[in-house]
Amino acid sequence: VTIAADRRAGAPAGPEDPGERMTAMMRRLFPLCRSITGDGVRATLDIVGERLPLERHAVPSGTQVFDWTVNDEWNVRDAYVADRHGNRVVDFREHNLHLVSYSAPVRERLTLDQLRPHLHTLRDRPDWIPYRTSYYRRDWGFCLPHRQLEAMDDGPYDVVVDSTLAPGELTYGELLIPGETDDEVILTAHVCHPSLANDNLSGIAVATELAGAVAAMPARRYTYRFLFAPGTIGSLTWLSRNAEVLPRIRHGYDERQFNAIGFDLAVGRLSRTPHGEYPEYHTSADDLDFVQAAELVDSYRSILRIVDVLENDGVYRNCSPYGEPQLGRRGLYPSVGGRTADDAVMAMLWTLAYADGSAGLLDIATVAGLDFADVRAASAALADAGLLEPVAEEGSSGA
Amino acid sequence: VTIAADRRAGAPAGPEDPGERMTAMMRRLFPLCRSITGDGVRATLDIVGERLPLERHAVPSGTQVFDWTVNDEWNVRDAYVADRHGNRVVDFREHNLHLVSYSAPVRERLTLDQLRPHLHTLRDRPDWIPYRTSYYRRDWGFCLPHRQLEAMDDGPYDVVVDSTLAPGELTYGELLIPGETDDEVILTAHVCHPSLANDNLSGIAVATELAGAVAAMPARRYTYRFLFAPGTIGSLTWLSRNAEVLPRIRHGYDERQFNAIGFDLAVGRLSRTPHGEYPEYHTSADDLDFVQAAELVDSYRSILRIVDVLENDGVYRNCSPYGEPQLGRRGLYPSVGGRTADDAVMAMLWTLAYADGSAGLLDIATVAGLDFADVRAASAALADAGLLEPVAEEGSSGA
Amino acid sequence: VTIAADRRAGAPAGPEDPGERMTAMMRRLFPLCRSITGDGVRATLDIVGERLPLERHAVPSGTQVFDWTVNDEWNVRDAYVADRHGNRVVDFREHNLHLVSYSAPVRERLTLDQLRPHLHTLRDRPDWIPYRTSYYRRDWGFCLPHRQLEAMDDGPYDVVVDSTLAPGELTYGELLIPGETDDEVILTAHVCHPSLANDNLSGIAVATELAGAVAAMPARRYTYRFLFAPGTIGSLTWLSRNAEVLPRIRHGYDERQFNAIGFDLAVGRLSRTPHGEYPEYHTSADDLDFVQAAELVDSYRSILRIVDVLENDGVYRNCSPYGEPQLGRRGLYPSVGGRTADDAVMAMLWTLAYADGSAGLLDIATVAGLDFADVRAASAALADAGLLEPVAEEGSSGA
C-alpha cells in the first residue's frame with residue numbers, strides 16, 4: 001500500500017478528499033442515539049454499509065458470552081424532565097447525552113430532592129453534560145450541566161423515560177478482505193457511544209476509510225478483518241463466535257478484551273490521546289468541533305504507514321558484503337563527492353551494513369533512525385542493482 | 001502487616017505516637033559515649049532492652065574474626081586539655097566528640113606546637129567538632145571547632161586522657177522473631193557512634209520501633225532477626241558466629257560486610273541520605289535538632305511497606321481468563337458507567353490482565369505504576385469473588 | 001602505558017610537548033595536495049616517516065579490489081580560471097580546494113554560462129570554498145566562495161586544468177608494533193584529504209603521536225598496527241591484501257569498510273565530532289585555526305587511556321572474601337577513621353567487593369563510577385598486599 005492508495009479508481013462515491021469524506025460521515029453519524037444495542041447501532045451500520053460491503057451479525061439477548069450475558073435491547077422514543085408549567089428543562093431530544101444510557105422506563109412526578117439521586121453533573125465543568133451508562137443495573141437517570149441544575153427550583157417535576165428494554169439482539173458489522181495468506185490483521189472500531197465525536201465516531205470514520213484503502217490495494221500479504229461492534233460485550237461476543245479465527249491473528253487493534261490472558265492476541269490500541277487524558281472525554285464537549293479533519297487524515301495516514309510495514313517488511317541479504325559496493329558506477333551514488341550524504345544514500349548504506357539475512361527492514365530503519373519508507377525504497381533500489389536479495393522467512397505460511 | 005499495625009493492643013509502654021517514641025529514645029541515647037566496645041554500648045543495649053527482649057552476646061577481646069581481631073575494650077573516665085590557669089579549653093565531659101575514639105591514656109604538659117598533631121578540626125566548618133577514631137592504631141587525640149583552635153595561645157597545656165584500653169568484650173544485642181518459615185529477614189542497626197543523631201541513633205530508634213511492630217503482627221511468613229551491633233567488627237563477629245544462619249537469609253539490610261564476596265547475602269542499605277552526601281555527617285552538627293520526628297516516621301513507615309511486600313507478595317492465576325469478567329454483578333465495578341475508572345478498579349483490571357500464574361503482585365504493581373498496597377487489595381477482592389486463585393510458588397520452604 | 005609515556009627517553013626529535021609536535025606536523029602537511037592517489041600522498045607519508053619507521057606499499061592502478069578497481073593516479077601541475085585580462089580569478093595555487101579532486105585535464109575558453117555547471121559554491125556559507133571530488137566519473141570542476149561567483153562577469157574565461165590521470169599506484173603506509181600476543185589492535189588514519197585540518201590532518205597527527213607512544217612502551221600485551229591510507233579504496237585495498245590478519249584483530253578504529261558484513265571487525269570510530277555535525281566539514285573553514293592544540297592533546301590522551309584499558313584490564317579474585325579485610329594494618333587505610341573515604345580507598349573497597357574471579361577491572365570501574373586508572377592502581381596495591389590474585393582468562397592466546 002502507498003499513501004496515495006486512496007486516490008484509486010473505483011473508490012466509493014463521495015468527496016474526493018479523505019478528510020472531507022471522514023468529516024461528512026461523522027456529521028451524519030453524530031446525532032444517532034447509539035448504545036451497546038438498539039436501532040442506533042443498526043442505523044450506524046447502515047451508513048458505514050454505504051461505503052463498505054459489511055456482513056451484519058445479530059446475536060439474541062440472553063446469549064451467554066464467557067462471563068457475560070448479551071443484554072436486552074434498549075430503544076428510546078422520548079425522555080425529559082418538565083417543570084410544573086410543562087417546560088422541558090432536560091430534554092433527550094436536544095442531546096442524546098441528557099439520558100443515562102440504558103435508562104429503564106419511568107413516568108413520575110418528583111420534587112427536586114426526590115429527583116436529585118438520578119441527576120448527574122460535573123461540578124468542575126459546569127457547562128458540560130456528562131456521559132453516563134447503566135448497562136447492567138436496571139436504573140434511570142438524566143445528565144445535565146451543573147449550572148442548569150443549580151438553576152432548578154424545588155419542583156415538582158414530571159419525569160418521563162419512554163424507553164423499551166426487551167429481548168432483541170446485539171448487532172455488529174464485519175468485513176473480511178482476503179490476502180495472499182490466511183494470517184490476519186484485525187482492526188476494530190466501537191459503535192456504542194451516542195453523540196460523542198472523538199470517542200468513538202472518529203474511530204468509525206478512520207476505520208471505514210482504511211477499509212476502503214486496504215480493499216483497493218492490488219494485492220495484500222495479509223487478510224484484513226474490520227469489525228464495527230459495541231465495546232466490551234460486542235468484542236466478547238465476536239471473540240466467542242470466532243475461536244477458529246484467533247490463532248490466525250498476527251496484528252490488530254482493540255482494547256482490554258482481545259488482550260485478556262485467555263486470548264492474549266497480539267493487539268494494541270491506536271489512539272492519538274488515551275481516554276481519561278483529555279477533559280472532554282465522555283462529555284458533551286467531545287463534539288464535532290473537537291475533531292479536526294487534518295488530525296483524522298493524519299491518523300488515517302499513520303495507520304496506512306503501519307499497514308505499509310506489515311505488507312512490505314522483509315529480510316534481505318547483502319550480496320556484496322566485502323566492503324561497501326561501488327554504488328557510483330550503478331548510478332546509486334552522486335558522482336560529485338564531498339557533500340554529506342542525503343537520506344536516500346544513507347538508507348542504502350545502512351541497509352547494506354545490516355542486511356545480513358537476519359535483520360528485517362523495520363529493524364534496520366529503527367537502528368538507523370530512518371523512515372521505514374526510505375529503507376524500503378533503498379532495499380528496492382539495491383535489489384534492482386543485484387546488490388541485495390530477499391531471504392525466505394521461516395514460519396510465514398501461505399497455506 | 002499494615003501501616004496501622006503499630007496501633008496494636010499490648011504495645012510497649014511509652015508515648016502512643018511512634019514519632020514521639022523514637023525521638024524520646026534518641027534523647028536518652030544521645031549523651032552516651034558509644035564506641036565499638038565499652039560501657040556506652042552496654043548502656044545503649046539496656047535502653048533498647050526496655051522495649052525489646054534482646055538477647056545479649058559478649059565476645060572476648062582477642063577473638064579472631066576472619067581477617068580481624070576483636071579489640072581491647074575502651075572506656076573513658078575523663079579527658080581534657082587545660083590551659084596554664086587550669087581552664088579546660090577542650091573537655092570530653094562537654095561533648096563526647098571532643099575525644100578521638102579509642103584514645104589511649106595520656107597525662108602530659110605540651111606546648112600548642114607539640115599538641116597540634118593530636119588536634120583535629122574542620123577548616124571549612126569552623127564551628128563544628130569533627131568525629132574521629134583510632135581503633136586500630138594506639139594513639140590519642142582531641143577534636144574541636146577550628147575557630148576554637150585559632151583562639152588558643154602557645155601554651156603550655158595540660159593534656160589528660162583518663163581512659164582504659166584493656167581486655168574485655170565486644171557486646172551486641174539480637175532479637176529473633178519467628179515466622180511460619182525459617183527464611184529470614186535480617187535488619188541491623190549500628191550501636192558504635194557516640195553523640196551523633198542521624199548516624200547511627202536514628203537507625204537504632206527506627207529498628208526498635210520496627211521490631212515492635214513486626215513482633216505484634218498476628219502472623220509472619222518470614223522469621224525476622226534484629227541486630228544491634230557495632231559497625232564492621234561487630235557485623236563480622238556476628239557473621240563469624242552464625243554460619244548456619246546465613247543460608248536462610250532472604251532479605252536484609254546492612255553494609256559492606258554482609259555483601260562481601262564470601263557471604264554475598266541479599267542485603268542492601270536503607271538510608272534517606274547516604275553518608276558523605278550531607279555535610280553534617282560525622283560532625284557535631286549531626287545533633288538531635290538535625291533529625292525530625294516526621295522523617296523518622298516516614299522512614300519507619302517506608303520500611304513497614306517493604307515488610308508488607310515481603311509478607312504479602314504472591315503469584316495468582318486469573319480464573320476467568322476469557323475477556324474481562326463482569327465485575328459489576330459482583331459488586332466490584334461502579335454500576336453507573338462512563339466515568340474514568342478509579343485506582344481500585346484499575347488495580348483489579350491490571351491484576352486480571354497480568355495474573356497468569358507467573359507474575360507476582362509486586363511485578364504487576366511495577367508494570368501498572370500502582371502502589372503495591374492497591375494491587376494487594378485488588379487481589380484480595382478478586383480472590384474473594386472467586387476470580388483469582390493463589391499459585392504455590394516453587395522453592396518457598398516451610399520446613 | 002601511562003599517560004606520561006610520551007616523556008620517554010629516545011623519543012623522536014622535535015618539540016618536547018605532544019601538542020606542539022602535532023600542530024607542527026599539521027602545519028607542514030596542510031599545504032600538500034592529497035587525494036586518494038598521487039604525489040601528495042607520498043609526500044605525506046614521507047613526513048610521517050620522519051617520525052615512524054613506516055613500511056610503504058604501492059598497488060598498481062587497475063588492480064581489482066572486491067567490488068572496486070584501483071584508480072588511475074592523479075597529479076596536478078596547475079589549474080585556474082582566468083578572466084580576459086589574464087587575471088586568475090580562481091587559482092589552484094592559492095588553495096587546493098579550488099580544484100575538484102580528480103579533475104581531468106582541460107584547456108578551453110568558456111563564457112560564464114558555459115563554465116557554470118563546473119563551478120561549485122555554498123550559497124549559505126558564501127565566504128567558504130567547498131571540497132568536492134569526482135573520483136569515479138571523468139569530469140573537471142572548480143570550487144569557490146559563492147560571493148566570488150556572484151562578482152564574476154559573463155566572461156569569456158580561460159579555463160586550465162594541467163593535470164595527469166594515468167596508470168600509477170595507490171600508496172599507503174603501515175607500521176606493525178609487535179606485542180606479547182598476535183592479537184591485534186588496528187588504528188587507521190586517512191591520508192586522502194587535501195588542505196582540510198580537522199578531517200583528516202588531525203587524525204594523521206594524533207595517530208603518529210600515538211604510534212610513537214605505543215612503540216616506546218616497555219612491553220605490550222597486544223600487537224598494534226597503524227595504517228595511513230586513503231579512505232574507502234585505501235581501506236578496501238588493505239583489507240584485500242591482509243585476509244590472514246583479519247581474524248587476529250580484536251580492537252580497532254575505522255569506518256564503513258572494516259565493519260562491512262563480510263569483514264565485521266570489532267572496530268569503531270574515534271572522533272570528537274562526527275562528520276556532518278559541524279558546518280566547517282569539507283570546506284575551507286576546516287583550516288589550521290579550526291583545530292586547537294589542547295584538543296589534539298585531549299584526543300591523544302583519551303586514546304592512550306583506551307590503550308591503558310586494553311593493556312591492563314584483567315580479572316582478579318579476592319583472596320580474603322569473608323568481609324572486608326583489615327586494610328589498616330597493611331597500611332592501605334588511614335589510621336584515623338571517621339572521614340569520608342577518598343577515591344583510592346573507595347577503589348580498593350569496590351575492587352574487593354566485585355573481584356569474584358569473573359568481573360574485570362573495567363567492569364568494576366564502570367559499576368563503581370570510578371576511573372579505570374584508579375581501579376587499576378587499587379588492584380595493584382591489593383595484589384601487592386596479597387589480598388587479590390589474577391585469574392587466567394580463557395581464550396587469551398599468547399601463541
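A residue is called buried when its relative accessible area is under 20%, exposed when that area is over 50%, and partly exposed in between. In the predicted model described here, C:Phe142 has a relative accessible area of 0% and is therefore buried. C:Trp140, with a relative accessible area of 11%, is likewise buried because this value falls under the 20% limit.

The rings of these residues also form a pair. The ring centres of C:Trp140 and C:Phe142 lie 6.3 Å apart and their planes stand at 70°, so the arrangement is classed as edge-to-face, the cut-off for that class being an angle over 60 degrees. Over all chains, the structure holds 36 aromatic pairs. Another of them is found in chain A, where the rings of A:Tyr135 and A:Tyr136 have centres 6.0 Å apart and planes at 80°, so that this pair, too, is edge-to-face. With a relative accessible area of 19%, A:Tyr135 counts as buried, whereas A:Tyr136, with a value of 36%, is partly exposed. Both tyrosines belong to one aromatic cluster, which also includes A:Trp68, A:Trp74 and A:Tyr102.

The arrangement of the chains was examined next.

The interface of chain B and chain C involves 20 residues from chain B and 23 residues from chain C. Together the two chains bury about 1,800 Å² between them, and 51% of this area is on carbon and sulfur atoms. On the side of chain B, the residues that lose the most area to chain C are B:Asp67, B:Arg256 and B:Ile261, which together account for 35% of what that side buries. Two salt bridges are found across this interface. One salt bridge joins the side chains of B:Asp67 and C:Arg330, with a distance of 2.7 Å from N to O. Nine residue pairs are in polar contact between chain B and chain C, counting pairs with both residues at pLDDT 80 or more. The side of chain B that touches chain C is made up of nine nonpolar, seven polar and four charged residues.

For the interface of chain C and chain A, the contact takes 20 residues from chain C and 23 residues from chain A. The area buried between chain C and chain A is about 1,800 Å², with carbon and sulfur atoms giving 51% of it. C:Asp67, C:Arg256 and C:Ile261 supply 35% of the area that chain C buries against chain A, which is more than any other three residues supply. Two salt bridges cross this interface. In one of the salt bridges, C:Asp67 is joined to A:Arg329, and the closest N and O atoms are 2.9 Å apart. Between chain C and chain A there are nine residue pairs in polar contact, both residues of each pair being at pLDDT 80 or more. Where chain C touches chain A, its residues divide into nine nonpolar, seven polar and four charged.

Notes: Residues are numbered from 1 along each chain as its sequence is written. Chains are lettered from A and ligands numbered from 1 in the order in which they are written. Side-chain values use heavy atoms; hydrogens and water are left out. Contact means heavy atoms within 4.5 Å. Buried area is the accessible area (1.4 Å probe) that two parts lose on being put together, summed over both. A salt bridge is a side-chain nitrogen of Lys or Arg within 4 Å of a carboxyl oxygen of Asp or Glu. A polar contact is a pair of N or O atoms within 3.5 Å; within protein, one must be able to donate a hydrogen and the other to accept it, and residues adjacent in sequence count only if both atoms are side-chain atoms. Ala, Val, Leu, Ile, Met, Phe, Trp, Tyr, Cys and Pro count as nonpolar, Asp, Glu, Lys and Arg as charged, and the others, Gly among them, as polar. Rings of Phe, Tyr and Trp (its six-membered ring) pair if their centres lie within 6.5 Å; planes under 30 degrees apart count as stacked, over 60 as edge-to-face and the rest as tilted. Buried means under 20% relative accessible area, exposed over 50%, partly exposed in between (1.4 Å probe, protein chains only).
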